Structures are given as C-alpha cells and as structure tokens.
Amino acid sequence: MGLNVNLCGIELSNPVIPASGTFGYGYEFAELYDINELGTFSFKGTTKEPRFGNPTPRIAECPGGMINAVGLQNPGVEKVIAEELPKLKKCFHKPVMANVSGFSVEEYTYTCAKLDKEEQVGWLEVNVSCPNVHGGGMSFGTSPEAAAEVTRAVKAVTTKPVIIKLSPNVTDIVTIAKACEEAGADGISLINTMLGMRIDLNKRKPIIANTMGGYSGPGVFPVAVRMVYQVAQAVNIPVIGMGGVSSAEDVVEMMMAGATAVQIGAANLVNPCICRDIVRDLPRVMEKYRIENLQDIIGGVNHG
C-alpha cells in the first residue's frame, strides 16, 4: 500500500502532519513515541521577537472542540534556531515545516529568511492570520492584496517551498488563495481556527481574557472540508487540509476533497499519540475503501 505523497517536491512517507501550535517543537512528543513515524510536523508559530502570549485564561472548552487565544507564545526566531532546532535534530530525521507569524511584512521576511537557511527546514508555512499592525489591525489573510504582498515578499528572500496558511474568517477564501498562488506561493494550508467566544454565566463575562479566540476541533471539520474542496478546485498548487481532523477516515475525506497532506491540531491536545495512531490506522481504512495509493485519491471526490 502506498501511503507516501509528494508535497511541493518533497516526498513524505505519509500525509499526516501535526499542526502548528499543538506539537511544540517536536522533541516533547518524542518522549512518547518515535515521531519519525509522521510525514512531518509543523512547529510552533515563530515570530521575529519573543512573545509571552495573551493573558490567561486563554483556553475555553466548548461542544465539538475548544477555543484558544494563546497569542503566539514563542521564544523568538533567534532562540528557536539556537536552542529548539538542535534539540529537534536529535530526535527527528526528516525535513520539518517551519511555521512563521508576523505583524508586518518586514517581520515575515526577516523570520522566513532566517529559517530558510536552516538545513532541517523543508517548508515555510506562513500564517497570514495575524493582525497587520500597519494596516489597522485586520489580519493579512482577510485581504487578497495583503496576503499576496506577504507571499511576494517572503518568496523574494527564500529558496524553500512557501506554503501560505489561510484564515477561514473571510467571505471568499478562493479569491485569497488564488491571489497567493499568483504571487508565487508553492502551496496553501487551510483552515486556521474560526473566531469563537464563550461566556461565563456566573460572572456574566467572557471566559477568555481576550474575549474571543480561535475555535478548533471536530465541530469545524465540515467547514474545513468545504473550504479545502473549494480552494483545491481553484488552484494548481498543493493544498494542506486541516480543521477538526481526528481519525484516519477524516484524513481520507480531506484528501478526497483535494488535500495533498493533512494536519491534525486540537486532537493532539486530547490524545498526544493521535497522529501516530492515525498513521498506523491508515492501511486499515485504505483497505476498507479499496484504496491502493493515497496519492491517487487527492481531489478524487465524485460528482453526481
């Protein structure tokens, strides 16, 4: 059985990728199992400067998932390169996906240029869901022009495949994905979290200190499948699907919708071994649905 897929010219032994922000820098999970069983993983969102993150509480449970407003807590790109990547190299022997965030185009280009030089980095996953501090606070990913501007700027300073991670909190995801493709993106990641909110009935105030946060988990899966399908139909570059994926069946469904590889996020916080378990379960699901090679089912949903 063929579990391998090709993502932007790099071969993966399987399409399963833990999503950024749910897998740290990898070595924490390597204490639980051999993380080389994974296709790859996307490490914690990294910014130019260290970030402490948002005030607590910043996690709220909800039906079908959770809301988080962690706020990109990370030690900053210099420390990631000096301390985190050497630790990772000891336990992970495949190319890793570097997830990059920024609050201005200059921050994106600075961080991406630094990580692009790291041997272990295979892809740059650029999260354009951050507030644009020079653009009134709206996230780069909500405007085709702003998303394209980040894409062009990052491509100008890097040599490795650039995958743009899009926000679902938009009216027309396809227009934004196409703008990124035209600006030179090598792939598209979607979806990031949806905007959500919970209220504490006793205190009559929002549970999350930030008021709102990113909703993720099984509840967003149908929305994610729909957006992956729409974007995969519209672009000619690989799509990485994510959003509520928590089983091998979900991985196959995402791939049929058009995803070349599939990321798993919130489920890692429920079961830290979920990605390993899904990789091991894929052959059973492939046999059940008479799938010889996963590569063959990408975008293979039948119409009518």
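Ile191 sits in the loop between strand 9 and strand 10. Helices (H or I, at least four residues) and strands (E, at least two) are DSSP runs, numbered from the N terminus.

The model is predicted: local features need pLDDT of at least 70, side-chain atom pairs count only at pLDDT 80 or more, and totals for chains, interfaces and linings use all residues. Residues are numbered from 1 along each chain as its sequence is written, and side-chain values use heavy atoms, with hydrogens and water left out.

**Backbone**

- Most residues other than glycine have a negative phi, and most peptide bonds are trans.
- A cis peptide bond also joins Thr56 to Pro57, with omega near 0°. Pro57 belongs to the loop between helix 1 (27-30) and strand 4 (59-62).
- Leu72 is not a glycine, yet its phi is positive, about 55°. This residue is in the loop between strand 5 and helix 2 (77-91).
- Leu72 counts as partly exposed because its relative accessibility is 22%. The classes are set with a 1.4 Å probe on protein chains only: buried is under 20% relative accessible area, exposed is over 50%, and partly exposed is in between.
- Arg204 is another residue other than glycine with a positive phi, near 55°. Its loop runs between strand 11 (199-200) and strand 12 (205-206).
- Arg204 has a relative accessible area of 76%, so it is exposed.

**Largest pocket**

- Rolling a probe the size of a water molecule over the atoms shows where empty space is left.
- The largest pocket holds about 1,300 Å³ of space. A pocket is found on a 1 Å grid over the protein atoms alone: it is an open set of points where a 1.4 Å probe fits, with protein on both sides within 12 Å along at least five of seven lines. Grid points are joined across faces, edges and corners, and the volume is the space filled by probe spheres set on the points.
- Its lining numbers 50 residues; Asn68, Asn127, Asn192, Thr193 and Gly214 lie nearest the centre. Lining residues have an atom within 4 Å of a point.
- Four strands each supply at least two lining residues: strand 5 (65-68), strand 10 (194-196), strand 13 (213-216) and strand 15 (261-264). Strand 13 gives the most, with four residues.
- By class, the lining has 21 nonpolar, 26 polar and three charged residues. Ala, Val, Leu, Ile, Met, Phe, Trp, Tyr, Cys and Pro count as nonpolar; Asp, Glu, Lys and Arg count as charged; the others, Gly among them, count as polar.

**Second largest pocket**

- The second largest pocket holds about 180 Å³. It is lined by 14 residues, and Gly65, Gly217, Pro218, Ala266 and Val270 are the closest to its centre.
- Strand 5 and helix 8 (267-270) each supply at least two residues of this lining.
- The lining of the second largest pocket divides into six nonpolar, seven polar and one charged residues.

- Helix 6 (221-234) has 14 residues. From first C-alpha to last it reaches 20 Å, close to the 20 Å expected at 1.5 Å a residue. The expected span is 1.5 Å times one less than the number of residues.
- Phe221, Ala224, Val225, Met227, Val228 and Val231 are the buried residues of helix 6. They pack against helix 5 (173-182), strand 9 (187-190), strand 14 (239-241) and helix 7 (248-257). Contact means heavy atoms within 4.5 Å.
- Gln233 is also in helix 6. With a relative accessible area of 52%, Gln233 is exposed.
- Gln233 and Ala257 are 24 residues apart along the chain, and their C-alpha atoms are separated by 8.9 Å.
- Helix 7 is mostly covered, with seven of its 10 residues buried. The buried ones are Ala248, Asp250, Val251, Val252, Met254, Met255 and Ala257.
- Their cover includes strand 1 (5-7), helix 6, strand 14, strand 15 and helix 9 (274-288).
- Gly258 follows helix 7, and its phi is positive, near 130°.

**Cysteines**

- The whole structure has zero disulfides. A disulfide is a pair of cysteine sulfur atoms within 2.5 Å.
- Cys91 is in no disulfide, and the nearest cysteine sulfur, in Cys273, is 14 Å away. Cys91 counts as buried, at 18% relative accessibility.
- The sulfur of Cys180 lies 13 Å from the closest cysteine sulfur, that of Cys112, which is too far for a bond. Cys180 is buried, at 0% relative accessible area.
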